[in-house]
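Dear colleague,

Please find below the structure that I am handing over to you. My notes on it follow directly after.

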Amino acid sequence: MPDWLSENWVFIAVPVLVFLACYVVGLWARRIAYRAFSRWAAAGKWEGSPLIVQVTRTPFLVWFLILGAYVAIHISVLDPSTKALVDKVLVALFVISVTWMTISLAEKLLRLYIGKVERLRPSEALIVNIARITIAVVGALILLDAWGAPTTPIILLLAAVILIAIFVSRDLLVNLFSGFQLAQGEQIKVGDFIRLESGESGTVVDVTWRNTRIRSLDGNVILVPNSRLLQSTVINYGHPLKKATQPFRFYARLHLKELTGLKASNLAELLDTLKKVPGSVIYYHTHNFLEEHQYLTPEPANDFALWVSDELGDEVLGEKLASIDTFGFPTIAALRARIVGVIDDYLSKNPDGRTALKGREFHFIRSISVILRTPYVAHDLREFIEVLRKVSIDSLSFHIFEARLRLQKGVNDFSIWMEDCLGDKDLADKLAYLDPYNYTLEGLRSTIIQLVEKRIK
Amino acid sequence: MQNEVSLQSKSRLQDYEPIVGRSCIEELRMLSEQLAGRIVQNINSTFVGGGVAEILEHMVPLLNQLGVDARWDVIRGSDEFFEVTKKFHNALHGNAEKISKQDFALFSEVTQQNLEEVRFYGDILFVHDPQPVGLIARKKEIGRKWVWRCHIDVSNPDRKVWKFLRGFVVDYDAAVFSAPSFAQQLPIRQFMITPSIDPLSDKNRELDSGTIDAVLAGYGLTSDKPMIVQISRFDRLKDPLGVIEAFEMVKKSIDCQLVLAGGTATDDPESEEVLDEVRKRAEGNHDIHILLVPPESNVEINALQRAATIIMQKSLKEGFGLTISEALWKAKPVVAGAVGGIPLQIRNKLTGLLCHTVEGAAYALRQLLSNPEYARQLGQNGKEHVRQNFLITSHLKDYMLMFIALDQPSDIIHL
């Protein structure tokens with residue numbers, strides 16, 4: 001062995017020296033190149049340049065080492081087949097290092113730019129992964145080609161896989177592109193209040209690469225696919241209006257009828273019983289027709305007027321009772337006093353009234369109100385309108401009739417909120433002066449919506 | 001022995017949403033949350049046949065869908081027991097019945113047997129009609145909330161029978177009646193909950209014109225002239241002869257046809273007799289069609305109502321008269337006798353026309369036939385009235401409200 005080395009030391013030393021020379025040249029070239037690049041980058045103030053330096057610094061030197069190894073092998077005395085094998089290994093190392101560097105650089109640059117676009121942030125991981133996989137696949141194909149492996153079937157297979165993936169995730173892609181479109185056009189932004197064709201409405205809380213998240217008026221979050229949002233008609237009311245100091249919570253009032261067992265056959269009995277029944281009975285008989293026949297013509301009569309006209313055949317008193325304006329009384333006690341007064345006065349002048357037929361007596365019924373808290377809340381007038389479109393007429397009845405008369409607030413709940421929490425006394429007064437008994441309940445709903453819409457235009 | 005039934009719902013709750021609106025279904029769900037963890041045990045006398053079984057068959061599964069643990073049990077009784085309760089039923093309706101001391105004794109004896117056999121597991125015991133009313137005897141021992149649901153018109157009951165039953169009813173926490181006139185002087189709370197129709201049942205669901213035409217053809221009817229239809233059992237209290245008389249008065253000035261469709265009841269020997277009288281009275285008049293409709297012909301009844309120009313229910317006495325709501329639901333103008341629960345469903349001249357006499361009925365028919373727009377408007381109003389007040393969803397709501405109100409005596413309940 002020592003003899004062999006003494007005879008062939010030149011054939012070993014020269015390739016080694018060439019390899020080391022390449023390493024040194026590499027170190028020197030890296031210093032020169034990176035200085036020049038740094039000066040250029042400093043002039044351009046491109047924020048990606050430090051990333052390029054950080055990512056390419058090590059591979060740059062590796063490439064010179066690979067070059068050194070390649071030259072050293074080719075000037076060595078190794079047999080041609082060994083040289084060819086080492087060439088392939090070196091090419092493979094080169095391709096791997098370039099691929100690794102490209103992946104690393106793409107990842108860093110993508111994260112840098114995605115971080116600046118708020119709407120793309122939720123998609124960051126997905127985009128980075130797609131870039132990684134694409135570069136890795138290209139690198140692998142080059143590597144296989146360098147090793148002489150047949151790449152055409154693999155490319156075809158990959159194409160088929162990509163097509164299948166596109167087909168399977170076509171909705172996802174459509175939503176993704178729709179999301180980009182939405183972001184680019186700035187048609188819908190976080191904070192906007194929108195209403196969809198389907199009737200859903202709410203405030204946009206997020207636009208992701210797949211869905212747009214809307215907080216509905218009942219507090220639920222609705223996920224709308226971006227593609228649907230682009231394809232359907234959307235009313236965008238823009239940013240919310242002035243926020244109320246306290247949100248308006250909608251309640252619904254359902255009522256149960258409790259029979260008192262009391263009945264009247266003539267006016268005297270009606271009068272006596274009217275004086276002693278609870279206020280809930282008076283409320284029932286002055287609002288029952290309105291609620292049970294809410295689709296009918298406005299200004300419904302109270303039950304007393306209807307019974308006196310229909311069953312006692314006394315149209316004069318019936319008319320007097322029907323003309324009592326319920327809206328004019330702030331409390332049930334005051335309303336009762338008026339009804340009692342009208343009958344009392346009439347009876348004193350017409351003591352010989354008729355008696356109802358058997359089975360057609362007036363039955364006194366008590367209204368039991370059950371008040372439910374709905375999930376609907378309005379923070380501003382826009383939300384108020386949208387909720388008002390949704391809630392049941394039981395909710396409307398509660399806030400308009402029951403709150404004013406039965407809960408003795410003197411005015412409806414909407415007016416109180418508009419004045420106290422929105423500071424809009426003008427609108428509050430308009431609603432307070434609106435006589436709700438002149439409308440059907442659906443008509444009343446439309447009228448209030450129109451008033452508020454006019455206000456916010 | 002325990003008799004508990006397990007029911008599969010025929011309709012899903014969400015199927016009613018297009019009919020009554022989303023907010024109505026939301027309110028039902030909110031109410032049902034208040035009853036979470038409580039068992040509502042319905043008790044009556046039969047799983048099949050009769051109005052109560054029909055109501056419970058729909059009601060219990062829908063309550064279950066809402067998350068309310070509603071269950072249904074029946075009591076047991078001999079044929080003799082049910083003969084006695086049938087007499088009670090008729091007597092409560094105001095009919096004269098011979099009820100002996102032995103009958104009352106048998107009722108008490110069977111009640112005692114059921115008290116030993118029935119398992120009382122409900123938090124709310126909802127007892128329907130007179131047959132199981134005596135189960136209240138167990139209240140002293142087990143407590144809980146007890147409600148008696150009276151499905152019968154007790155506006156003019158036989159005093160002897162009512163006095164006997166009242167002895168049980170006063171121990172309940174509450175009683176439920178279908179109309180204000182059914183209320184009694186009782187020391188307990190009395191609620192009014194009207195019966196209801198199911199808009200998705202065969203009797204009330206929408207039908208296509210092909211089905212309606214096929215039914216008409218099956219009965220040999222044509223729609224070439226206005227059709228006045230009364231559908232009810234052949235019973236003198238439904239006044240079929242009065243209907244024919246009113247029709248003949250109208251026919252003098254307006255060309256139209258009359259369809260009297262109904263069945264005969266096996267427990268009413270008089271109905272065959274009435275049918276013969278009606279046939280005899282209509283003899284020779286080719287515009288009067290007498291149709292004997294078998295029981296359970298729900299689609300046929302639905303089709304006849306939908307083919308009608310005017311629907312009549314000229315009853316002389318009536319319970320709640322739910323056939324009125326069925327007719328109104330088809331948006332048809334209705335002429336009906338102002339008796340029983342009918343005025344609750346028809347507000348005269350607004351949702352239909354009420355009459356007291358044959359002449360009044362003829363006048364109302366003429367008005368409607370001569371003024372199709374007025375007739376259409378009454379029909380539309382009538383349908384909305386039923387939608388608001390007499391659909392099964394309202395019934396569910398009222399029951400849940402009543403269960404909630406049992407614990408709270410005030411006029412205003414905040415949940």
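In which strand of chain A is A:N211 found? A:N211 belongs to strand 3 (residues 211-216) of chain A, where helices (H or I, at least four residues) and strands (E, at least two) are DSSP runs, numbered from the N terminus.

Some conventions come first. This is a predicted model, in which local features need pLDDT of at least 70 and side-chain atom pairs count only at pLDDT 80 or more, while totals for chains, interfaces and linings use all residues. Residues are numbered from 1 along each chain as its sequence is written, chains are lettered from A and ligands numbered from 1 in the order in which they are written, and side-chain values use heavy atoms, with hydrogens and water left out.

To return to A:N211, this residue is buried, with a relative accessible area of 17%; buried means under 20% relative accessible area, exposed over 50%, and partly exposed in between (1.4 Å probe, protein chains only). Apart from neighbours within four places in sequence, A:N211 is in contact with A:D206, A:L223, A:V224, A:P225 and A:N226, contact being heavy atoms within 4.5 Å.

A:D192 lies in the loop between helix 6 (170-185) and strand 1 of chain A. A:D192 is buried, its relative accessible area being 2%. The side chains of A:D192 and A:N236 are joined by a polar contact of 2.9 Å. A polar contact is a pair of N or O atoms within 3.5 Å; within protein, one must be able to donate a hydrogen and the other to accept it, and residues adjacent in sequence count only if both atoms are side-chain atoms.

Strand 1 of chain A runs antiparallel to strand 2 (residues 201-207) of chain A, joined by 3 bridges; two strands pair if DSSP finds at least two bridges between them. Within strand 2 of chain A, A:T203 is the bridge partner of A:F193. The hairpin of these two strands has 4 residues between them, and A:G199 takes a positive phi near 100 degrees there. Strand 1 of chain A is also joined by 3 bridges to strand 5 (residues 234-236) of chain A, again antiparallel, and A:R195 stands opposite A:I235 in strand 5.

I turn now to the interface. Chain A and chain B bury about 3500 Å² between them, 58% of it on carbon and sulfur atoms; buried area is the accessible area (1.4 Å probe) that two parts lose on being put together, summed over both. In chain A, A:L256, A:L259 and A:Y295 lose the most area to chain B, together 19% of what that side buries. The contact takes 39 residues from chain A and 40 residues from chain B.

Strand 6 of chain A pairs in the antiparallel sense with strand 6 (residues 189-192) of chain B over 3 bridges, and A:L259 stands opposite B:Q190. The interface also holds 2 salt bridges, a salt bridge being a side-chain nitrogen of Lys or Arg within 4 Å of a carboxyl oxygen of Asp or Glu. A:R366 forms a salt bridge with B:D411, with the closest N and O atoms 2.5 Å apart.

Yours sincerely
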